[in-house]
Amino acid sequence: MRLLILGTGNMAGTHAQAFSAIDGVDVVACADIDEGRARAFADRFDIPEAYGSLDAALAKGGCTAMANTTPDAAHFATTMKAIDAGLHIFCEKPLATNAEDARRMVRAADAAGRITGVNLTYRNVAALQEARRIVAAGRIGAARHFEAAYLQSWLTQPAWGDWATEDVWLWRLSSAHGSLGALGDIGIHIFDFATYAAGSNILDMHSNLTTFPKAPGDRIGEYVLDANDSFTMTARLENGAAGVIHATRFAPGHLNDLSLRLFGTKGGIELTNSGPLGTLRICEGDDLSTATWRDVPLEPVETNYQRFADAVRKGTPMKPDFATAARLQEVIDRAAAAGG
Ligand SMILES: NC(=O)c1ccc[n+]([C@@H]2O[C@H](COP(=O)([O-])OP(=O)(O)OC[C@H]3O[C@@H](n4cnc5c(N)ncnc54)[C@H](O)[C@@H]3O)[C@@H](O)[C@H]2O)c1
């Protein structure tokens with residue numbers, strides 16, 4: 001696979017490192033609307049070609065796939081163009097800024113026979129993959145109740161940078177810049193975390209989205225700070241389980257923590273993304289009467305990057321793909337329409 005990385009900001013570095021480490025993948029080009037940034041990125045990751053636009057990279061040719069690490073609002077137009085140009089696409093989440101665009105991306109890729117992947121990062125966490133196997137094997141019985149949380153704190157401390165002065169954070173706070181706030185940014189991850197483990201999609205929900213005052217007049221320069229900072233949701237899954245899902249950028253003490261507690265008629269599981277493999281524990285069988293929890297041993301799992309590279313090499317579909325992300329985008333749209 002000869003890979004083009006489009007958008008050479010924060011997340012692109014993770015893609016460059018992950019893809020470069022995979023046998024049979026050559027990261028041959030990168031592009032950014034800020035050509036200087038693309039050139040610096042190419043130097044840093046030893047990438048032969050750097051361009052100031054997707055058009056320039058496509059005009060040169062020679063790539064077979066693209067990793068799309070542009071901001072959310074740029075995913076649709078750039079991905080559609082790259083599909084037209086014959087590339088397989090691995091796109092960052094959320095796939096688009098609304099479900100209709102996401103479905104158009106699915107249809108375009110399918111019609112053109114392109115392989116698609118979406119970087120739902122927490123599929124790389126061993127605890128999530130094992131939790132799904134445990135639930136599918138029936139060990140906790142019929143799912144009844146769940147709690148899912150995604151806690152970040154970058155609006156309260158500078159561990160990842162200063163959100164009030166850096167564009168890289170400000171676009172995430174502004175709907176005019178294509179952000180769906182915490183709902184679109186981290187909601188998609190926690191919806192996937194909960195529904196993938198449960199093996200069941202969200203059937204219906206009620207949601208509240210909250211935007212807190214963060215700057216005088218709720219704006220900083222060109223950025224109107226109107227995107228939600230937190231959401232709380234009650235939801236029902238297709239398998240009948242009822243539960244709560246919430247996420248926030250205002251959780252001091254938590255840099256980037258996902259958790260899920262899922263209870264069934266025969267047992268419960270609790271998992272997190274903490275550490276290299278995540279954590280997973282189960283209470284089942286004779287342990288129910290003493291409420292004893294046991295850690296589940298975990299082995300590393302393949303990453304989305306590896307799965308995409310394998311899929312392109314073999315010419316077979318991968319999961320999570322554009323269709324997976326489009327389904328999650330429908331949840332986001334429904335929550336955004338209902339929330340307030
Ligand atoms: N999977 C994850 O866990 C995860 C984590 C962080 C970010 N992300 C996603 O990754 C994407 C990028 O986030 P980031 O933090 O790297 O953003 P960023 O702002 O750091 O980088 C984006 C880069 O894209 C460039 N760009 C913008 N429009 C472009 C266009 N049309 N063509 C080419 N380049 C363009 C910008 O100049 C910038 O350099 C977002 O969709 C975000 O949601 C995913």
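Reader: How many salt bridges does the count come to?

Author: The count comes to 22 salt bridges. Please keep in mind that this is a predicted model.

Reader: What makes Arg-103 and Glu-100 a salt bridge?

Author: The rule asks for a side-chain nitrogen of Lys or Arg within 4 Å of a carboxyl oxygen of Asp or Glu. For Arg-103 and Glu-100 the closest N and O atoms are 3.2 Å apart, so the pair meets the rule.

Reader: Why are Arg-103 and Glu-100 separated by about one helical turn?

Author: Because they are three residues apart in helix H5, which covers residues 99-112.

Reader: And what makes Arg-107 a salt-bridge partner of Glu-100?

Author: Here the closest N and O atoms are 3.3 Å apart, and with a limit of 4 Å the pair therefore qualifies.

Reader: Why are Glu-100, Arg-103 and Arg-107 called partly exposed?

Author: Buried means under 20% relative accessible area and exposed means over 50%, so values in between are partly exposed. Glu-100 has 35%, Arg-103 has 30% and Arg-107 has 48%. Each of these values therefore falls in the middle class.

Reader: How do you know that Asp-204 forms a salt bridge with Arg-236?

Author: Their closest N and O atoms are 2.5 Å apart, and that is within 4 Å, so the pair counts.

Reader: What makes this a link between distant parts of the chain?

Author: Asp-204 sits in strand S8 (residues 202-210) and Arg-236 in strand S11 (residues 230-237), 32 residues apart. As for cover, Asp-204 is partly exposed at 28% relative accessibility, and Arg-236 is partly exposed at 38%.

Reader: Which residues are linked in a network of salt bridges?

Author: Lys-93, Arg-172, Asp-185 and Arg-249 are linked that way. Lys-93 has another feature to look at: a cis peptide bond joins Lys-93 to Pro-94, with omega about -15°. Pro-94 lies in the loop between strand S5 (88-91) and H5.

Reader: What is omega for the cis bond from Lys-319 to Pro-320, and where is Pro-320 found?

Author: Omega is near -5° for that bond. Pro-320 is in the loop between helix H9 (304-314) and helix H10 (322-338).

Reader: What is phi of Asp-46, and why is Asp-46 called exposed?

Author: Phi is near 60°, a positive value in a residue other than glycine.

Reader: What about Ala-291: where is it found, and what makes it exposed?

Author: Ala-291 is in the loop between strand S15 (279-284) and strand S16 (294-295). Its relative accessible area is 52%; with the cut-off at over 50%, Ala-291 is therefore exposed. Phi of Ala-291 is near 50°, again a positive value in a residue other than glycine.

Reader: Which residues gather in the patch of negative charge on the surface?

Author: They are Asp-162, Glu-166, Asp-167 and Glu-222. Glu-166 is found in the loop between strand S7 (143-152) and helix H7 (167-170).

Reader: Which domain does UniProt list for residues 2-119?

Author: An unreviewed UniProt entry lists "domain: Gfo/Idh/MocA-like oxidoreductase N-terminal" there. Over those residues the chain is 47% helix and 21% strand, and the end C-alpha atoms are 19 Å apart.

Conventions: Residues numbered from 1 in each chain as written. Predicted model: local features only at pLDDT ≥ 70, side-chain atom pairs only at ≥ 80, totals over all residues. Heavy atoms only, no water. Patch = residues over 30% accessible without salt bridge, like charges linked within 9 Å, V, L, I, M, F, W, Y side chains within 5 Å. Areas by Shrake-Rupley, 256 points an atom, 1.4 Å probe, with all protein chains shown as cover. Lys, Arg positive; Asp, Glu negative; His and termini not counted. Charge placed at Lys NZ, Arg CZ, Asp CG, Glu CD. Helix = DSSP H or I, 4+ residues; strand = E, 2+ residues; numbered from the N terminus. UniProt positions renumbered as here; feature names shortened; annotations may be inferred. Buried < 20%, exposed > 50% of the residue type's maximum accessible area, 1.4 Å probe, protein only.
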